[in-house]
Amino acid sequence: MMKQPLPTFLLLLFLFIFCTKTSGQSSPSNPDDITTVLGKAGKFSTFIELLKSTQMDAQINDELPGITVFAPTDSAFSELKPGTLNSFSDQQKAALAQFHVVPTFLTVSQFQTVSNPLHTEAGENTAEFPLNVVGNGTNVNITTGLVNTTVDSTVYTDSQLAVYEIPQVLLSRGILSPQAPASAPVPQKPKKASPLISDAPSTSTTSSVDSSEATGLPHSAPIMVSIGVAVLAALSLSQ
């Protein structure tokens, strides 16, 4: 009578173990968004605010899978000159956030063979935004022309998103000296036409002179008339 419940108990135990293993082997869910990943680490609050203010967090989440993020710690931002981040324009802040994001999923081992400089979300202008990442085993060095730093640890990684902790903020020439958009040329004001000065004498003056010369008598005319009258009188008396 006591031997009958034993098979039922074993069956239930078997089903329990099977269900537990099946749930543990279920496919992984989608990765958390970037701000959640950084928030769980507890030391990237400044970087999170930078990503949110530039809307880079939404862009990263939209471009998954296939993103690598180099995340500066709060201590890294505190090592900048006082007021540096607040003095940045919106354009500079956007470039700063984009320069820390590579639109490709990269593991630590891939840093040993990756082609440098890497293209970041800041654009393909590697002269203004040069990001060189060189791996040597577990050591990863990063250079930008202005900053030399390393990867301290892996914050998060799966097949879609990789987040690496860095102890310095990545700066470049394109961030500190952004190229201003070309301004439209200022139209030149038309020059005023200067009045023409004629070297020739005015017509009125010439006409008055010519008319006076044409109509005027010489000053010796009265004398000549008087002499003529005297000669005629003398001739009449002699007759």
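This is a short tour of a predicted model, one selection at a time.

**Stop 1: the core**

Start with the largest nonpolar core, which holds 46 residues. Select Leu-38, Phe-47, Val-69, Phe-70 and Leu-131. These five touch the most other members of the core. As a general rule, nonpolar side chains in soluble globular proteins tend to be buried together.

Centre on Val-69 next. Which residues does Val-69 contact, leaving aside its neighbours within four places in sequence? The list includes Ile-34, Phe-47 and Ile-60. His-100 and Val-101 are also on it. Leu-161, Ala-162, Val-163 and Tyr-164 complete the set.

**Stop 2: Thr-68 in strand β1**

Select Thr-68, which is found in strand β1, residues 67-72. Is Thr-68 buried or exposed? Thr-68 is buried, because its relative accessible area is 0%, and the cut-off for buried is under 20%.

One goes to the backbone oxygen of Thr-104, at 2.5 Å. Another goes to the backbone nitrogen of Leu-106, at 2.9 Å. Then show the contacts of Thr-68 beyond four places in sequence. Among them are His-100, Val-101 and Val-102. Phe-105, Ala-162 and Tyr-164 are on that list too.

**Stop 3: aromatic pairs**

How many aromatic pairs does a search of the whole structure find? The search finds 4. Two of the pairs are worth a selection.

Pick Phe-70 and Phe-111. Their ring centres are 6.0 Å apart, with 35° between the planes, and the pair is tilted. Phe-70 sits in strand β1, and Phe-111 in the loop between β2 (101-102) and β3 (132-136). The pair therefore ties together parts that are 41 residues apart in sequence. Both Phe-70 and Phe-111 are buried.

Move to Phe-99 and Phe-129. Their centres lie 5.9 Å apart and their planes meet at 55°, so this pair is tilted. Phe-99 belongs to helix α7, residues 90-99. Phe-129 lies in the loop between β2 and β3. The pair links distant parts of the chain, 30 residues apart. Phe-99 is buried, at 0% relative accessible area. Phe-129, at 11% relative accessibility, counts as buried.

**Stop 4: the open sheet**

Select β3, β4 and β5. They make an open sheet of 3 strands, in the order β3-β4-β5, with antiparallel pairing. Look at the edges. β3 and β5 (148-150) each have a single partner strand, so one side of each is left without a neighbour in the sheet. Neighbouring strands are turned by 20° against each other on average, direction ignored.

Zoom in on β3 and β4, residues 139-143. They run antiparallel and are joined by 5 bridges. Find Asn-136 here: it stands opposite Asn-139 in β4.

**Stop 5: Thr-154 in strand β6**

End at Thr-154, in strand β6, residues 153-157. Thr-154 is partly exposed, with a relative accessible area of 40%. Which residues does Thr-154 contact beyond four places in sequence? They are Val-108, Val-163 and Tyr-164.

Last, draw a C-alpha to C-alpha distance from Thr-154 to Ile-166. The two residues are 9.3 Å apart in space and 12 residues apart in sequence.

How values were computed: Residues are numbered from 1 along each chain as its sequence is written. This is a predicted model: local features need pLDDT of at least 70, side-chain atom pairs count only at pLDDT 80 or more; totals for chains, interfaces and linings use all residues. Side-chain values use heavy atoms; hydrogens and water are left out. A nonpolar core is a set of buried Ala, Val, Leu, Ile, Met, Phe, Trp, Tyr and Cys residues joined through side-chain atoms within 4.5 Å. Buried means under 20% relative accessible area, exposed over 50%, partly exposed in between (1.4 Å probe, protein chains only). Contact means heavy atoms within 4.5 Å. Helices (H or I, at least four residues) and strands (E, at least two) are DSSP runs, numbered from the N terminus. A polar contact is a pair of N or O atoms within 3.5 Å; within protein, one must be able to donate a hydrogen and the other to accept it, and residues adjacent in sequence count only if both atoms are side-chain atoms. Rings of Phe, Tyr and Trp (its six-membered ring) pair if their centres lie within 6.5 Å; planes under 30 degrees apart count as stacked, over 60 as edge-to-face and the rest as tilted. Two strands pair if DSSP finds at least two bridges between them. Axes are lines fitted to C-alpha atoms, for helices over the stretch in contact, and angles run from 0 to 180 degrees between N-to-C directions.
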